[in-house]
Amino acid sequence: MTRLARFEKSVLPHLDAAYNLARWLTRNDHDAEDVVQEACLRAFRFYEGMHGADARPWLLAIVRNTGYTWLEKNRPSDLVTLDDAGAVSSESESAGHEAPAESNPEVILLQSANRKLVNLALEELPVGFREVVVMREIEDLSYKEIAVIAHIPIGTVMSRLARGREMLRRLIEIRMRKAS
Amino acid sequence: MAQKNDPVPEPMVARDATYHRAPDALRERVRVSLAKAAGEERRPSMGRMFGLVAAFATVALVSWSIAVFHMEPLRDDLIARDVVTAHVRSLMGEHRLNDVESTDQHTVKPWFSGKLDFAPPVQDRANAGFALSGGRLDYVNGRAVAALTYRSRQHVVNLFEWPSSAPDSAPATLTRQGYAILRWHRDGMEHWAVSDMSPALLAPLAE
């Protein structure tokens, strides 16, 4: 098997994950596509460096680096320095995972409103919190994987996740009040 | 007011946030650019150069190994010639065989001290049919070596010894010009014995 064939077989199945992270980093379809393409080329170039590791976090780390480089160049204001001094919040990890709602029209309407609200609020989060929430909640990566991808200690992953969720709740609250 | 006090539900990102899936167009675009990148790699590049250098190194290494492999017999041939010459010369006239004449290994061995930069093992092998008769200095394989002489029936045996870093090896038999030659390595010493007796009769000397 050629190097390209091996790469396509092991790495390209994670293109959805790559795009999802890039999309949440750049908040824009077009820019996300550019970031993903650039990241895939970089990944291909450094494919030997993967050494048989799990391809998804490996690719996501490259996507994140590429995304950050892109943000530095195009939207430096997005990159605010985070204060990680705050202690890990005692919020329970499992909070908020409920059974899926039933499918009556009213609930569906409410759900789609929720989706819009959550998406907008998530986009408003500073990128450092946003990426951790996206990787944990949407991509379902472990704390350890996120720590490796984002180059931060596991404790920081946990505190950013807790603070990210708290900020998200507040942002949704503000939007709901505005709407009412 | 009532709205304000309503508990805001925990945001359910996992359920409510959008999972952005890669559009098919992007998938295609990535494949095309990867194929292009892979094509460029086939042109001379650092990786390609490295491959060439590696290929050359491999060829050089293989040639060298073959040369060394063939040199080993060549070295044995040269030494075999040396020991036969030394053996023949030692028998050509009176007093050429031994500089120290003794059947006592405790007389022969000390004789070498101060004459060589190593202490040759000296053994009387009378119990194997080889009676020690003495020793001398000789020159084999481009160096000064210890030559021990034995008598076995009517035959004279020359045993040449010098230090070697080669690992121990079992005795190997060669014949040159009708002479039987026995070569072995033991305890950091290389041993070459030569005689006009049959190889089978010479073999016990190395035991």
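Among contacts in chain A between residues at least 6 apart in sequence, what share joins residues at least 24 apart? I looked it up, and the share is 73%. A reminder to myself: this is a predicted model.

**Chain A, overall.** I went through the secondary structure of chain A and found eight helices and zero strands. Written along the sequence, the pattern is α-α-α-α-α-α-α-α. I also checked burial: 36% of the 180 residues of chain A count as buried.

**A helix pair.** Next I picked H3 (residues 29-45) and H4 (residues 55-74) of chain A. Their axes are 9 Å apart, and the packing angle is about 125°. That angle makes H3(A) oblique to H4(A). I noted the crossing too, and it is right-handed. On the H3(A) side, I listed Asp31(A), Val35(A), Val36(A), Glu38(A), Ala39(A), Arg42(A) and Ala43(A). They meet Leu59(A), Ile62(A), Val63(A), Thr66(A), Gly67(A) and Trp70(A) of H4(A). Sorted by class, the residues of this contact come out as eight nonpolar, two polar and three charged.

**The largest nonpolar core.** Which residues have the most contacts inside the largest nonpolar core? I wrote down Ala18(A), Leu21(A), Ala22(A), Val36(A), Val63(A) and Val133(A), in a core of 50 residues. Several helices of chain A each supply at least two residues, among them H5 (105-124) and H8 (154-179), and so does H3 of chain B. H2(A) gives the most, with eight residues.

**Zooming in on Ala22(A).** I left aside the neighbours within four places in sequence. What remains in contact with Ala22(A) is Ala32(A), Val35(A), Val36(A), Val63(A) and Gly67(A). Val35(A), Val36(A), Val63(A) and Gly67(A) were already on my list for the H3(A) and H4(A) contact.

**Another core.** There is a second, separate core of 26 residues, and it includes Val83(B), Val108(B), Leu132(B) and Leu202(B).

**Where the chains touch.** How many residues of chain B are in contact with chain A? I got 24, and they touch 33 residues of chain A. On the chain B side, H1 (2-5), H2 (13-16) and H3 (24-42) each supply at least two residues. The largest share, nine residues, comes from H3(B). By class, that side of chain B has 14 nonpolar, four polar and six charged residues.

Notes
Residues are numbered from 1 along each chain as its sequence is written. Chains are lettered from A and ligands numbered from 1 in the order in which they are written. This is a predicted model: local features need pLDDT of at least 70, side-chain atom pairs count only at pLDDT 80 or more; totals for chains, interfaces and linings use all residues. Axes are lines fitted to C-alpha atoms, for helices over the stretch in contact, and angles run from 0 to 180 degrees between N-to-C directions. Helices (H or I, at least four residues) and strands (E, at least two) are DSSP runs, numbered from the N terminus. Angles under 35 degrees count as roughly parallel, over 145 as roughly antiparallel, 65 to 115 as roughly perpendicular and the rest as oblique. A crossing is left-handed if the near helix is turned anticlockwise from the far one by less than a right angle, and right-handed if clockwise. Two residues are in contact if their C-beta atoms, placed from the backbone, lie within 7 Å. Ala, Val, Leu, Ile, Met, Phe, Trp, Tyr, Cys and Pro count as nonpolar, Asp, Glu, Lys and Arg as charged, and the others, Gly among them, as polar. A nonpolar core is a set of buried Ala, Val, Leu, Ile, Met, Phe, Trp, Tyr and Cys residues joined through C-beta atoms within 7 Å. A residue is buried if 20 or more other C-beta atoms lie within 10 Å of its own, exposed if 12 or fewer, and partly exposed in between; C-beta atoms are placed from the backbone.
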